[in-house]
Amino acid sequence: KQLFANNKLSTDVKVATRPTVAPAEPVEGKITETRPARVSGNSELVEISIGSDDGLTKGHQLDVVRGAKYLGKIRVVETWPDKAVCEVVVKNKNGIIQRGDNVTTKL
């Protein structure tokens, strides 16, 4: 409790376990691979060029853009130090997400 108090962090479990939708620092990367949903009800998955070394954790959301066109949101489902796998958030999809598209938290 003293460590939390010294760092001005809450000891309330509800606050400490609240999910965040973006990393603390802005990040940018690229879509490196895509995999369409194979079975109805499955999510479309993408691999991105940034990972836990960049501050990403499961549940973080990023925006996908190609030039000035907004393509949608993705949600991190698995991370490694230098890459992550994300699912496409269907309700925010605004175009076909392809290899080479940009991902960012800066929008």
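This is a predicted model: local features need pLDDT of at least 70, side-chain atom pairs count only at pLDDT 80 or more; totals for chains, interfaces and linings use all residues.
Student: How far is K69 from N94, in sequence and in space?

Tutor: The two residues are 25 positions apart in sequence, and their C-alpha atoms are 8.9 Å apart in space.

Student: Where is K69 found, and which residue stands opposite K69?

Tutor: K69 is part of strand 4. The residue opposite K69 is R66.

Student: Is K69 buried, partly exposed or exposed?

Tutor: K69 counts as partly exposed, because its relative accessibility is 43%.

Student: What do strand 3 and strand 4 form?

Tutor: They form a hairpin with two residues between the strands. In that turn, G67 has a positive phi of about 65°.

Student: How many bridges join strand 3 to strand 4?

Tutor: Six bridges join strand 3, residues 61–66, to strand 4, residues 69–80, and the two strands run antiparallel. L62, for example, has I74 in strand 4 as its bridge partner.

Student: How many bridges join strand 3 to strand 6, then?

Tutor: Three bridges join strand 3 to strand 6, residues 102–104, again with an antiparallel course. Here V65 has N102 of strand 6 as its bridge partner.

Student: Stepping back, in what order do the six strands of the barrel run?

Tutor: The closed barrel runs 1-2-5-4-3-6, and the pairing is antiparallel. From one strand to the next, the twist averages 45°.

Student: What pattern does the chain follow along the sequence?

Tutor: The pattern is α-α-β-β-β-β-β-β, with two helices and six strands in the chain.

Student: Changing topic: which residues of the largest nonpolar core touch the most other members?

Tutor: That core has 16 residues, and V46, I48, L56, L62, I74, I97 and V103 touch the most other members. Strand 2 (45–48), strand 3, strand 4 and strand 5 (83–89) are the elements that each give two or more residues to this core.

Student: What is V103 in contact with, leaving aside neighbours within four places?

Tutor: The contacts of V103 include I48, L62 and I74, which are also on the list of core residues that touch the most other members. Among the other contacts of V103 are V27, E28, G29, K30 and I31.

Student: Now E44: where does E44 lie, and is E44 buried or exposed?

Tutor: E44 lies in the loop between strand 1 (28–35) and strand 2. E44 counts as buried because its relative accessibility is 15%, and the cut-off for buried is under 20%.

Student: What does the side chain of E44 make a polar contact with?

Tutor: The side chain of E44 makes a polar contact with the side chain of K93, at 2.8 Å. Beyond four places in sequence, E44 touches R35, P36, A37, C86, E87, V88, K93 and I97. I97 is one of the core residues that touch the most other members.

Student: What share of the contacts with a separation of 6 or more comes from residues 24 or more positions apart?

Tutor: Such residues account for 56% of those contacts in the chain.

Methods: Residues are numbered from 1 along each chain as its sequence is written. Side-chain values use heavy atoms; hydrogens and water are left out. Two strands pair if DSSP finds at least two bridges between them. Helices (H or I, at least four residues) and strands (E, at least two) are DSSP runs, numbered from the N terminus. Axes are lines fitted to C-alpha atoms, for helices over the stretch in contact, and angles run from 0 to 180 degrees between N-to-C directions. Contact means heavy atoms within 4.5 Å. Buried means under 20% relative accessible area, exposed over 50%, partly exposed in between (1.4 Å probe, protein chains only). A nonpolar core is a set of buried Ala, Val, Leu, Ile, Met, Phe, Trp, Tyr and Cys residues joined through side-chain atoms within 4.5 Å. A polar contact is a pair of N or O atoms within 3.5 Å; within protein, one must be able to donate a hydrogen and the other to accept it, and residues adjacent in sequence count only if both atoms are side-chain atoms.
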